[in-house]
Number of protein chains: 2
Amino acid sequence: MASNLDLVNEADSFPYHNDDKNVYRFTVAGVPAILGYITPPVRDALRDLPHWQVNDSTQTVILTGGSNREERSAIMKQTLLAMRDKGQFQLLKKWRDEDFPVYGERKEVLLTFERCASPLFGIVTYGVHAIAYKPPSVDGEQLKIWVPRRARNKQSYGGMLDSTVAGGVASDETPFEALVRECEEEAALPREFVLKHAVAAGMVSDFYIRGKQAGGETGLLQPECHYVYDLPLPSDIVCAKNDDEVEEFNLWTVDEVKRALANREFKPNCALVMLYFFIRHGILTAENEKDYIQIVSRLHRRFEFPTR
Amino acid sequence: MASNLDLVNEADSFPYHNDDKNVYRFTVAGVPAILGYITPPVRDALRDLPHWQVNDSTQTVILTGGSNREERSAIMKQTLLAMRDKGQFQLLKKWRDEDFPVYGERKEVLLTFERCASPLFGIVTYGVHAIAYKPPSVDGEQLKIWVPRRARNKQSYGGMLDSTVAGGVASDETPFEALVRECEEEAALPREFVLKHAVAAGMVSDFYIRGKQAGGETGLLQPECHYVYDLPLPSDIVCAKNDDEVEEFNLWTVDEVKRALANREFKPNCALVMLYFFIRHGILTAENEKDYIQIVSRLHRRFEFPTR
C-alpha cells in the first residue's frame with residue numbers, strides 16, 4: 001500500500017538538487033536559458049552531428065544551428081527523423097506529427113519539436129487534466145468521481161487509471177481549448193457544456209524519471225506542467241468511451257478512488273492530479289493526512305527551465 | 001500598479017538560493033535538521049550567552065542547552081525574556097504568551113517559543129486563513145468576497161486588507177480548531193456553521209523578509225505556512241466586526257478585490273491567499289494571467305526546514 005507521499009515521490013522522482021554529472025543541460029546557441037536535461041544515451045547520439053555541440057567540460061548539449069524558431073524546429077525535426085531511421089530510440093516509433101513548443105525566458109517559442117521526443121531532451125511538456133465528478137446531492141448521496149481505465153493494450157501505462165480527461169496542449173492552442181477538445185474526443189462530453197461548466201483550478205507540476213510502465217527507454221527525464229480543471233456533472237450527463245484509448249469509465253466514491261491510489265493503479269502523474277483535487281475539495285486535510293504540507297508543496301514543482 | 005507576480009515576489013521575497021554568508025542556520029544540539037535562519041543582530045545578541053553557541057566557520061547558531069522539549073522551551077523563554085528586559089528587540093515588546101511549536105524531522109516538537117519571537121529565529125510559523133464569499137446566485141448576481149480592513153492603529157500592517165479571517169495555529173490545537181476559533185473571534189461567525197461549511201482547500205507557503213509595514217525590526221526572516229479554507233456564506237450570514245483588530249468588513253466583487261490587490265492594499269501574505277482563491281475558482285487562468293505557471297508554483301514554497 002502506497003502512502004500519498006509515496007505517490008508524490010514516485011511521480012516527482014527527479015531529485016531537487018541534481019548532482020549527477022551525467023545529466024547534461026540542453027541549450028540553444030545565443031540563448032542563456034537551460035531548456036531541458038539530456039541523459040547519456042541521447043547525448044552520445046547527438047555527439048558529432050552537424051548543428052549540435054556536446055561540451056563535456058560544461059556538461060551542456062547545444063543546438064548550434066538555426067537562428068529562429070523555424071530554422072531550429074527544422075533542424076530538430078531532421079535530427080529526430082535521422083535518429084528514428086537509424087532505429088536509435090524506441091520512443092521515436094510513436095511519432096505523432098504533433099508539435100510541442102519550447103519556451104525561452106520571455107515566453108517566446110524558441111523551437112517546436114515532435115511530441116514523442118520530449119523525454120529525449122528532458123523538455124517541459126504541457127498537458128490538461130479534468131476531473132469530472134457528480135457533486136454530493138442534497139439528499140445525502142456522496143460525491144463521486146469519473147475514473148477511466150486506459151486500454152490494456154496501450155504501450156504506455158496500459159490498464160492503469162487516468163484523470164477523467166487528459167491530453168497534451170499543442171503549440172497552436174490554449175490550455176482551455178485543448179481541454180474542450182479532449183473532453184469531446186476522450187469522454188464524449190458535449191462541447192457547449194464543457195465551455196460553460198469547466199472551472200480552471202490551478203496547475204500540478206512534477207519532474208518524472210520514466211520507468212518501465214511508460215513504455216520505451218527508461219531513465220529519460222520528463223518535467224511536466226498539468227493545467228487542472230474541475231468539471232461538475234449533473235446526473236444526466238455521463239462520460240462515455242469514445243475512442244480506443246479508454247477501456248471503460250467508472251463512477252467511483254472517494255473511498256474507491258483512495259483504494260485505487262494506494263494500490264498504485266493510477267498513472268503516476270494522474271495520481272498527483274487526483275491528490276490535488278482531494279486537497280482543494282477538503283477530502284485530504286491537515287488533520288487526516290500526516291504529510292499534508294509536504295504533499296501540497298511537492299504538487300507544484302518549480303523548474304529551472306523557462307515555462308509557458 | 002503591481003502585477004500578480006509582483007505581489008508574489010514581494011511576499012515570497014527571500015531568495016531560493018541563499019548565498020548570504022551573514023544568514024546563520026539555527027539548530028539544536030544533537031538534532032541534524034536546520035530549524036530556521038538567523039540574521040546578524042540576533043546572532044550577535046546570542047553570542048557568548050550560556051546555552052548558546054555561535055559557530056562562525058559553519059555559520060550556525062546552536063541551542064546547546066536542554067535535551068528535551070520542556071528543557072529547550074524553558075531555555076528559549078529565559079533567553080527571550082532576558083533580551084526583552086535589555087530592550088534588545090522591538091518585536092519582543094509584543095509578547096503575547098502564546099506558544100508556537102518548532103518541529104523536527106519526525107514531526108516531533110523540539111521546543112516551543114513565544115509567538116512574537118519567531119522572526120528572530122527565522123522559524124516556520126503556521127497560520128489559518130479563510131476566504132468567506134457569497135457564491136454567484138442563480139439569477140446572475142456575481143461572486144462576492146468578504147474583505148476586512150485591519151484597524152488603522154495596528155502596529156503591523158495597520159489599515160491594510162486581510163483574509164476574511166486569519167490567525168495563528170497554537171501548539172495545542174489543530175489548524176481546523178484554530179480556524180473555527182478565529183472565525184468566531186474575528187468575524188462573529190457562528191461556530192456550528194463554520195464546523196459544517198468550511199472546506200479545507202490547501203496551503204500557501206512563502207518566505208518573507210520583514211519590511212517596514214510589519215512593524216519592529218526590518219530584514220528579519222519569516223517562513224510561513226498558511227492553511228487555507230473556503231467558506232461559502234448564504235445571504236443571511238454576514239461577517240461582523242467583533243474585536244478591535246478589524247476596522248470594517250466589505251463585501252466586494254472580484255473586480256474590486258483585483259483593484260485592491262494591484263494597489264498593494266492587501267497585507268503581503270494575504271495577497272497570496274487571495275491569488276490562490278482566484279486560481280482555484282477559475283478567476284485567474286492560463287488564458288488571462290501571463291505568469292500563471294510561475295504564480296501557481298511560487299504559492300507553495302518548499303522549505304529546507306522540517307514542518308508540521
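Biologist: In this predicted model, which strand of chain A gives the most to the lining of the second largest cavity?

Modeller: The second largest cavity holds about 40 Å³ of space. Its lining includes Pro101(A), Val102(A) and Tyr103(A). The strand that gives the most, with three residues, covers residues 99–103 of chain A and is strand E5.

Biologist: How much space lies in the largest cavity?

Modeller: The structure holds two cavities of 30 Å³ or more. The largest cavity is lined by residues of chain B, including Leu35(B), Ile123(B) and Phe305(B). The space in the largest cavity is about 50 Å³.

Biologist: Which strand gives the largest share of the lining of the largest cavity?

Modeller: By class, the lining has nine nonpolar residues and no polar or charged ones. Among them are Pro101(B), Val102(B) and Tyr103(B). The largest share, three residues, comes from residues 99–103 of chain B, that is, strand E5.

Biologist: How are the two copies, chain A and chain B, related?

Modeller: A rotation of 180° superposes chain A on chain B, with an RMSD of 0.0 Å. The shift along the axis of that rotation is 0.0 Å. The copies are therefore related as by a two-fold rotation axis.

Biologist: Which residue of chain A comes closest to the rotation axis?

Modeller: The axis in question is that of the 180° rotation that superposes chain A on chain B. Distance to this axis is taken at the C-alpha, and the closest approach in chain A is 3.4 Å. The residue is His300(A).

Biologist: Why do the copies meet through the same surface?

Modeller: The interface residues of chain A can be compared with those of chain B. The copies meet through the same surface because the share of chain A interface residues that are also interface residues in chain B is 100%.

Biologist: What is the volume of the largest pocket?

Modeller: The largest pocket is lined by 39 residues, and those nearest its centre are Tyr133(A), Asp230(A), His281(A), Tyr133(B) and His281(B). Strands E10 and E11 of both chains, together with H7 of chain A, each give two or more residues to the lining. The lining divides into 23 nonpolar, nine polar and seven charged residues. The volume of the pocket is about 1,500 Å³.

Biologist: At what angle do the axes of helix H7 and helix H8 of chain A cross?

Modeller: Val254(A), Val257(A), Lys258(A) and Leu261(A) of H7(A) meet Ala271(A), Met274(A), Leu275(A) and Phe278(A) of H8(A). These contact residues divide into seven nonpolar, no polar and one charged. The crossing is left-handed. The axes come within 11 Å and cross at roughly 145°.

Methods. Residues are numbered from 1 along each chain as its sequence is written. Chains are lettered from A and ligands numbered from 1 in the order in which they are written. This is a predicted model: local features need pLDDT of at least 70, side-chain atom pairs count only at pLDDT 80 or more; totals for chains, interfaces and linings use all residues. Side-chain values use heavy atoms; hydrogens and water are left out. Axes are lines fitted to C-alpha atoms, for helices over the stretch in contact, and angles run from 0 to 180 degrees between N-to-C directions. Helices (H or I, at least four residues) and strands (E, at least two) are DSSP runs, numbered from the N terminus. A crossing is left-handed if the near helix is turned anticlockwise from the far one by less than a right angle, and right-handed if clockwise. Contact means heavy atoms within 4.5 Å. Ala, Val, Leu, Ile, Met, Phe, Trp, Tyr, Cys and Pro count as nonpolar, Asp, Glu, Lys and Arg as charged, and the others, Gly among them, as polar. Copies are superposed by least squares on the C-alpha atoms of residues with pLDDT of at least 70 in both. On a 1 Å grid over the protein atoms alone, a cavity is a set of points where a 1.4 Å probe fits but cannot get out, and a pocket is an open set with protein on both sides within 12 Å along at least five of seven lines; lining residues have an atom within 4 Å of a point. Grid points are joined across faces, edges and corners, and a volume is the space filled by probe spheres set on the points.
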